[in-house]
Amino acid sequence: MTERQAPFILFQIADTTYAVHSEAVQQMEMVEHITPVPNAPPFVEGVVLSRGQVIPAINLRTRFGLEKKPYDLRTRLIVVRSGERTVGLIVDSAREFLAIPPEAIQPPPDTASGMSERYLEGIAILDKRLILILNVDAVLSIAPSEELHLAEAIAEVKDALLAEENPPA
Amino acid sequence: MPNILVADDSPTMRRMVIASLQSLPNVHFEEASSGLEAIERLALAPVHLIVLDLNMPDIHGLEVLHFTRRHEVFRSIPVIVLTTKGDEASRAEALSAGAAIYITKPFEPHLLAQYARDLLETA
Amino acid sequence: MTPASTNVFTEFLDDYFAECDEHLTAMRRNLLTLESLAQQERVDVSLLDELFRSLHTIKGLSGMVGLAEAEQLAHLMESILRALRRHQLDLSDEAVDALILGTRTLEQVIATRQTRQPLPDIAPAIKQLEAITGPLPDLPPSPEETPTAATETRLPLPRESGPPAFTLREGERAWLFQFTPARALAERGISVDSIRTRLQEIGQIVHAAPRIQDGGKVTFEFLVTTDADDSTFTPWQEDGLTWAPYEPPPPTPAATGLKAVPTPSIGPPNVVRVDLTRVDDLMQTIGDLVISRARLEDTLTSLARHVPAAQQRQLQEINQALERQLRSLREGVMRLRMVPLGEIFERMKFVVRDLARERRQEINLALSGQETEIDKLVVERMLDPLLHLVRNAVSHGLEPAEERLAQGKPAEGTIALRAATAGDSVIIEIEDDGRGIDRERVAEQARAQGLLDAEAPLDDPTLLDILCTTGFSTRRQADRASGRGVGLDVVKKTVEELGGSLALDTEVGRGTRFTIRLPLTLAIVDALIVSVGGQRFAVPLPSVREVIEARPKDVTVLGNEDEMLSYHGDVLPLIRLAARFGLQEQFERAFYVLVAAHGAKAAGIVVDRILGQREIVVRAISDPLIQVPGIAGATELGDGRPLLIINPAVLIGSRR
């Protein structure tokens, strides 16, 4: 049953749970000392120093087209590596480290916007909890000017799943 | 503990030679980047085998070889001459001057190690 | 070629590339000298020896790593040098050309191997080299022509022979030194190698040979000609050296022939090769130390009122000593990273030489300041931009000979490449005496493309901005009209990324000059810490000419809302950092103006407050999301909060 369970870091944004491969995560920190960078894209909160390196701090809420929310004690900065780049992702909270068995992961459902196939690696349902596995490389490689309405995409995913669970009579 | 002197003006080549001989039991290496330095190493520490490049700055490898053959103290140290393709004409001179073996670069590392082992054992 | 995967020496590839690079650099230099000597009867033998040895080493190493193409090329070139050395071949233009082509191909073969790209076609080079070696008798290589002391061909190998003949210059004497190596000396770092270097510093080593004394002790004999007097070496007695004046034997007829041949210098220079990443690690540690010291200072300041004056003074003294020592440590490590610009200037010679041939034009490349040193990283990054500017100068700047003559200029065009250190900057100039840039036609094009207001004059900085506009520069029409432009945007971007600036001076019919100003080193600079809109920024001190305190009433607002400040009898345009950066100014009565310049264009950068002056560690910004014009990097002052570093030149350059 347990053939290579892939470890993930789970985080929350606006009550939705996301996962990133833990091997892509360099570290997780409380959010402090972000220096704003003038004229940077709106979802870039600024720069932080991580292990002596200057990296951008991306507000994933803003990036996903959601409303901003003040930082609190649960806000986290997840430092991820993607290819040559290192970036910090600001998320509502991030606490869990979870091994997801491969058979629990399914491809993202087809949605009208096509958004989910592009930015999700897959989805998993564990204990009735929906986990969206984020494709970090894809999210980072989009042009800063392109808007990412992930909230709508997520709603679509949830609808698609609900439809599966309760097929219309 | 056998001491091997590796004399070559190219630091990379010295590293390659040392890597090839690393497998020999308990050996220790001395390095020299010129002919004069090679002779200085000989004067300062007991050396049991010399791996000698010919084309070196200041004094030529053959001069180093002649020098060691002419002097009682160094005469018994076996010498492997290791030189680049194109210097083959110096083979006869090197061998007649008393080099034990003459090898051309590029060399086979295990062959060099084999020769070195044999020479250290018979010495 | 042995497949790399099966070659046991692939782990030495990095060493291989580094060593080949050193030899190729030396070869380029020597080949160009050789070229200038072509068709002369006597060629400096040491030059041929050095080339021979470089090729010999490259050949041997290439064989070891299984790069057969490089081995073959080096082998053929070595044969030519051997023949030259034996006077079996004259130093013709063809021979030099073949050697240069061979060197370039060799360079490409090694470079493509390093980047794992397909190898270039070596057939043309092989063919040209074989055309030279072809008529030679099959050379039985023999050892005597190998580069030893100044032995001419066919001499028997010097055994423990006497020293060769030599000539003494005015005021020189010959001395015979004897060095007896010993372990105790070796422990103090005194070896035959260091002695040789020492002797080379006072004069020329004519001959060096090992000797065995009666007791079986090894000694080394050095025959040295020098104008130094023996009081110089009196202290060397303790280092195992003895000496006596040497009387040269009367010259024999055979020996007089040797006179004109300069003696090769003996032995390798005293150089240690260090992996750059190790230097970077050291630099990083020093950076951390600088930050810790800054924190110490802050703590001392906050403690000041609790500590008795005497102790406080002591603490301050220690702190200052620490600062001085750190500075000198930092400079020392930084010097390790410095390389002379001459190396890339040498490459330019090749480029100019090729272009000159291609265009059948006489071009004089005037170099100066080759010894100017700059950070190795900067040199590497600047190679392509410089190549680009030099190529542009030749192919777009210089007119054809007829045109030049018609204008009363010499037929031979001149490209000057100069480097100099000025304070914390290195200045590189590329100047041609060609046609200059036709300002009117560029202006016309720029207006047509909406890059320039109809009325606006086109001064040099604006001209440069337009030429560096990506869209503008790639337009062929504009190119032909202006004769410039392709890729200039890339040049400018690279210079600015390195924290430098680019400027242009041009005059129709007289020529064009590009001036590149680069920071001497990248890692640490003195900076002003300023605040604007509640946010702190660092401004490198070398880029600030002056700081002025001003009040709103001092500012004159022009019709187009441009603000000016009167400054030394002139007016200084102002750039409000807050406005540029979308911040709210927060000064009370007065604000501060940092006077900075970009080329001939000066401007004042308005900030709220000056918080102080600090030594900062510059950290690069590499992620595209945070690369913003006018920001050169980030730093930290010990509190973990990043601070952005401003590049005033870019702010001024992009002023509209």
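What percentage of the 656 residues of chain C count as buried? The value is 51%, where buried means under 20% relative accessible area, exposed over 50% and partly exposed in between, with a 1.4 Å probe and protein chains only.

The model is predicted: local features need pLDDT of at least 70 and side-chain atom pairs count only at pLDDT 80 or more, while totals for chains, interfaces and linings use all residues. Residues are numbered from 1 along each chain as its sequence is written, chains are lettered from A and ligands numbered from 1 in the order in which they are written, and side-chain values use heavy atoms, with hydrogens and water left out.

Figure 1. Chain C has 20 helices and 22 strands; helices (H or I, at least four residues) and strands (E, at least two) are DSSP runs, numbered from the N terminus. Its accessible surface is about 31,300 Å², with 50% belonging to carbon and sulfur atoms; accessible areas come from the Shrake-Rupley method with a 1.4 Å probe, and for residues only the protein chains shown count as cover. Of the contacts in chain C between residues at least 6 apart in sequence, 69% join residues at least 24 apart, a contact being heavy atoms within 4.5 Å. Chain A has four helices and eleven strands, and 47% of its 169 residues are buried. The accessible surface of chain A is about 8,700 Å², 52% of it from carbon and sulfur atoms. For contacts in chain A between residues at least 6 apart in sequence, the share joining residues at least 24 apart is 56%.

**Figure 2. Helices H2 and H3 of chain B.** Two packed helices are described by the angle between their axes and the distance between the axes. For H2(B) (residues 35-44) and H3(B) (residues 61-70), the axes come within 9 Å and cross at roughly 25°. Axes are lines fitted to C-alpha atoms, for helices over the stretch in contact, and angles run from 0 to 180 degrees between N-to-C directions. H2(B) is therefore roughly parallel to H3(B), a term for angles under 35 degrees, with over 145 counting as roughly antiparallel, 65 to 115 as roughly perpendicular and the rest as oblique. From H2(B), B:Gly35, B:Ala38, B:Ile39 and B:Leu42 meet B:Val64, B:Phe67 and B:Thr68 of H3(B). These residues comprise five nonpolar, two polar and no charged; Ala, Val, Leu, Ile, Met, Phe, Trp, Tyr, Cys and Pro count as nonpolar, Asp, Glu, Lys and Arg as charged, and the others, Gly among them, as polar.

**Figure 3. Helices H3 and H5 of chain C.** The axes of H3(C) (residues 68-85) and H5(C) (residues 123-133) come within 9 Å, crossing at roughly 25°. The two helices are therefore roughly parallel, and H3(C) passes H5(C) in a left-handed crossing. Residues of H3(C) in the contact include C:Leu73, C:Leu76 and C:Ile80, and those of H5(C) include C:Ile126, C:Leu129 and C:Glu130. By class, the contact has eight nonpolar, three polar and one charged residues.

Figure 4. C:Phe12 is in the segment before helix H1 (13-37) of chain C and counts as buried at 3% relative accessibility. Apart from neighbours within four places in sequence, C:Phe12 contacts B:Thr12, B:Arg15, B:Met16 and B:Ala19. B:Ser10 is in the loop between strand S1 (3-7) and helix H1 (11-21) of chain B, and at 2% relative accessibility B:Ser10 is buried. With neighbours within four places likewise set aside, B:Ser10 contacts C:Glu19, C:Thr57 and C:Leu61.

Figure 5. Most residues other than glycine have a negative phi, and most peptide bonds are trans. Phi of A:Asn39 is near 65°; A:Asn39 lies in the loop between strands S3 (25-30) and S4 (44-50) of chain A and is exposed at 53% relative accessibility. Phi of C:Arg116 is near 55°; C:Arg116 lies in the loop between helix H4 (93-114) and H5 of chain C and is exposed at 76% relative accessibility. The peptide bond from B:Lys105 to B:Pro106 is cis, with omega near -5°, and B:Pro106 is in the loop between strand S5 (101-105) and helix H6 (109-122) of chain B.

Note on methods:
A crossing is left-handed if the near helix is turned anticlockwise from the far one by less than a right angle, and right-handed if clockwise.
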